[in-house]
Amino acid sequence: MIILGIDPGTVRTGWGVIKLEGNSYTLLGYGVISTKAKHLSEKYLEIFEGLEKVIASYRPDCISIETQFVSKNPASTIKIGMARGTALLAGARASLPIYEYAPTRAKKALTGSGRAQKEDIQKMIGLLLSSKKDIPHDAADALSLAICHAHFHKSPLATIL
């Protein structure tokens, strides 16, 4: 099974692709879609087109995405929610099943602690996926979501959207 993890954001959307065979993972690719546009509508289009390219390149079997983030700042919550919606649309357009996981569940699946710091996530991603490169935070978060789905894809905890 090939799993695409997505960590949505309006400025930086992280993505990571793994292949699950039995109980082992193979890193296929990762990256960050950094939006350059000034207007939000154009940023969402950049995210959508970037994810369409990733989906076309890696042909994942499913997507694992972070649940809706709720900030103290309502405007930020809405903007990130719209970036998430853009990612959902890219997945739906490719007819992919999409699963969602809370950030704390992804962190716990990866490190054993739902309160792990970004550096801990990066370190575990490097160890689990045998990557010697420094993976950007956003891509590491996306890979943690992919690994989380690899852990829970047969469980009732795998919530399909």
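Is Leu-128 buried, partly exposed or exposed? I get a relative accessible area of 32%, so Leu-128 is partly exposed. My cut-offs, with a 1.4 Å probe and protein chains only: buried is under 20% relative accessible area, exposed is over 50%, and partly exposed is in between.

Ground rules before I go on. This is a predicted model, where local features need pLDDT of at least 70 and side-chain atom pairs count only at pLDDT 80 or more, while totals for chains, interfaces and linings use all residues. I number residues from 1 along each chain as its sequence is written, and side-chain values use heavy atoms, with hydrogens and water left out.

I find Leu-128 in helix α4. Helices here are DSSP runs (H or I, at least four residues; strands would be E, at least two), numbered from the N terminus. Not counting residues up to four places away in sequence, Leu-128 touches Tyr-25, Leu-110 and Ile-147, with contact meaning heavy atoms within 4.5 Å. I also checked Leu-128 against Leu-145: they are 17 residues apart in sequence and 13 Å apart in space, C-alpha to C-alpha.

Next I looked at how α4 (residues 118-128) sits against α5 (residues 137-152): their axes come within 9 Å and cross at roughly 60°. Axes are lines fitted to C-alpha atoms, for helices over the stretch in contact, and angles run from 0 to 180 degrees between N-to-C directions. That makes α4 and α5 oblique to each other; the scheme is under 35 degrees for roughly parallel, over 145 for roughly antiparallel, 65 to 115 for roughly perpendicular, and oblique for the rest. I noted the α4/α5 crossing as left-handed, meaning that the near helix is turned anticlockwise from the far one by less than a right angle (clockwise would be right-handed).

From α4, the residues that meet α5 are Lys-118, Glu-119, Ile-121, Gln-122, Ile-125 and Leu-128. Their partners in α5 are His-137, Ala-140, Asp-141, Leu-143, Ser-144 and Ile-147. I sorted the residues of this α4/α5 contact into six nonpolar, three polar and three charged. For that sorting, Ala, Val, Leu, Ile, Met, Phe, Trp, Tyr, Cys and Pro count as nonpolar, Asp, Glu, Lys and Arg as charged, and the others, Gly among them, as polar.

How do α1 and α2 cross? The axes of α1 (residues 40-58) and α2 come within 9 Å and cross at roughly 35°. I have this crossing down as right-handed. The residues of the α1/α2 contact divide into 11 nonpolar, two polar and three charged.

Tyr-44 is in α1 and, at 9% relative accessibility, counts as buried. Beyond four places in sequence, Tyr-44 is in contact with Thr-10, Lys-79, Met-82, Ala-83 and Thr-86. Thr-86 lies in α2 (residues 74-93) and is buried too, at 11%.

**Cysteines**

How many disulfides does the structure hold? I count zero, taking a disulfide as a pair of cysteine sulfur atoms within 2.5 Å. For Cys-62, the nearest cysteine sulfur is that of Cys-148, 12 Å away. Cys-62 is buried at 3% relative accessible area, and Cys-148 is buried at 0%.
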